Amino acid sequence: MADSLSVRHLLGIKDLNENDINLILDTAKEFKEVINRPIKKVPSLRDITIANVFFENSTRTRLSFELAEKRLSADVVNFSASGSSVKKGETLLDTVNNILAMKVDMIVMRHSSPGAPHYLSGRIPANVVNAGDGTHEHPTQALLDSFSIREKLGDLAGKRVAIIGDITHSRVALSNIFCLQKQGAEVMVCGPTTLIPKYMSELGIKISHDVREALNWCDVANVLRIQLERQQIKYFPSLREYSMYYGISKKMLDDLDRPIVLMHPGPINRGVELTSDAADSHHSIILDQVENGVAVRMAVLYLLAQM
Amino acid sequence: MQILLRSARIVDPQSPFDGQVTDLLLENGLIRQIGENLTASENIRVIEHENLHVSPGWVDLRVAGKDPGFEHKEDLDSVCVVAAAGGFTDIALLPNTLPAVDNKSTLGYIRRMTEGHPVTVYPIAAITKGAKGEDFTDMIDLHHAGAVAFSDGDHPLQNADLLVKTLQYLKPFNGLLMNRPEEKMLTRFGQMHEGVQSTLLGLKGLPALAEELIVDRDLRLLDYALGKDPVSAPVLHFSTISSARSVELIRRAKAQGLPVSCDVAVHQLVFDDSALATFDTNLKVDPPFRSKADVQALWYGLADGTIDTIVSDHNPQDDESKNIEFDLADFGITGLETLFGALVSHNQGLSLGQIVHKLSVRPRQILRLLPVTIDQGQAATLTIFNPERSWTFAQTLSKSKNSPFLGKTLTGAVLGIINKGQFVQNAGI
């Protein structure tokens, strides 16, 4: 296995090869050990300055990146603005170039426009990490999901993962599909017909509109939130009806023939896609995902800093 | 002024000289003499060039002039300069300016500003005020003021009743309605062709269905409003069709004798949606680049005559509208300068005669312009070119730079145009 990545930026899982994914996940394993030690810090990125540039609201992803950066001893600055205020005034490129002028080495960016990190990566000298670009990709989330599945079930080859919920507006779904397929897992997406893109089936995945069918089929259920804030037009009648037909309860999980692993990228809308008792059940590895997120992001930043 | 074209191959399916390599002597805007070894007197401009070809001047049915209102993107002078460099002696300008071409004074402004230019400019007037799709403009008045056709340009007509009424209203003066077919409710927030590629890129799609529905609908409305009439000039013209099914619908309508015509934007013949993988905003265009099968169908449609003409869909956008995030960027590509090069470089089986027919003969028929033929005594409205010469599109004469061909090498070079007694040499090659 090569000991460096094939890319200078982490724009999406689409651009990674199998070796890149394995390298990141193996490196993350080492970092997970580090963050469970009494002294959770290593000096690896002591000379590196990283800016977390968030044009969209985020709590957990930004916190996770910031902790990962601090545990690698990087210097960290944070910039937050809503997409619309940027649209009115300064351009994305100007904003980032201003930050880079203050001698920043790496940009972690969340943005509501698909492709925004790709746009940036071709125009600035710093490494770019995509922390979510609209409805396109969220690569570190997919990597931490794979890491968490690996930790629980071992090698992903042949494993069945169902992604359940709002697929159309999810960057997590797309990155997970790419990531899981590259590791040999089988993928199903499940949700209301209007929340699954028409051409999704051509990506070599299974499609279901019946949540029980999905749960019966899978080894892992990765449940997504309804992205109401990203829905510019109406896709389904009500959250009430959604939760009645696509919500997952503990009873549904307990009634399955075999145990499955329950995941969620957060934040959970309790009572909508998951009932509280399901989210808090022994099936759930949701908090492990959060912990692993820091380790995986440390691995990504560490490996990109070598490029 | 006299001009002598030395050893030029005449490409004009309608000319008795078609296919001949010969000299042409032009004087005072007319072709005075065609023949071999014509003698050049003093003070005559001699144009000699390897592999020199000459055809009747080309016509572009769809150009955004941007003036008045968006002069920082293009203006009436620069658009004429760009058109001449692209080999166009005649261009029709879209009405989507600010104010829109929905009144005589804006129309008069465009005519006045372009009067003396070697490129002849034909303003298309808006069907509705502000091209907003609601209230009719004074169409008879605009017709008499010189509107060459009626269209809301890049605002597709949504209201079926409005379309029927417009077709009926234009009939007494043999007016032409041009419409870009698109059902806007199906394309809201869309960024690129809806397909696997849009799914992979997380971009909202512009489904081909949105175009096909309106082509189908408008053909039925045309039949309802005016009925079949195979001898008349087209009454309804579809602008920039992009999908295989649209081609098929129009093919059938023509076979049934509906007075309909259509065009395709040259970039649709070159790119498909896989080109968008890098989020290059210079490839963001509406209609969007569709599937490979659609591109194929467009070429077939050109070959069998279903698609009448090829347009540049020249739509200049400034850096502020393009050098930004993909979903915030404006739609549009500049295309006048590269139409011929792009077409020849990617040509799938069209003969030079067919290309000239599509760029010169057919668009004049659609716009009800006088025919231009290369013959002695005829007007010297000519495009000269070398279809085999390679050139690099290093620099644009447009005020905007939103071309995916910048920096690319193309085969098929325009050498210049001759119109209104003037010769404009293309300095760009």
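Entry 1. I am working from a predicted model, so I began with A:D26, which is partly exposed at a relative accessible area of 31%. Its partner in a salt bridge is A:R150, with the closest N and O atoms 3.0 Å apart. I looked up where the two sit: A:D26 belongs to helix α1 (residues 18–35) of chain A and A:R150 to helix α6 (residues 139–153) of chain A, so the pair ties together parts that are 124 residues apart in sequence. A:R150 is also partly exposed, with 23% relative accessibility.

Entry 2. I then turned to chain B, where B:E248 and B:R251 meet through their side chains in a salt bridge of 2.7 Å, N to O. Both residues lie in helix α7 (residues 244–255) of chain B, 3 residues apart, which is about one turn of the helix. I noted B:E248 as partly exposed at 29% relative accessible area, and B:R251 as partly exposed at 27%.

Entry 3. Next I followed the salt bridges that share partners, and found that they join B:R180, B:E182, B:K184 and B:E211 into one network. Within it I looked up the salt bridge between B:E182 and B:K184, whose closest N and O atoms are 3.5 Å apart. Is B:E182 buried or exposed? I found it buried, because its relative accessible area of 3% falls under the 20% cut-off, whereas B:K184 is partly exposed at 35%.

Entry 4. For the overall tally, I recorded 30 salt bridges over all chains.

Key:
Residues are numbered from 1 along each chain as its sequence is written. Chains are lettered from A and ligands numbered from 1 in the order in which they are written. This is a predicted model: local features need pLDDT of at least 70, side-chain atom pairs count only at pLDDT 80 or more; totals for chains, interfaces and linings use all residues. Side-chain values use heavy atoms; hydrogens and water are left out. A salt bridge is a side-chain nitrogen of Lys or Arg within 4 Å of a carboxyl oxygen of Asp or Glu. Helices (H or I, at least four residues) and strands (E, at least two) are DSSP runs, numbered from the N terminus. Buried means under 20% relative accessible area, exposed over 50%, partly exposed in between (1.4 Å probe, protein chains only).
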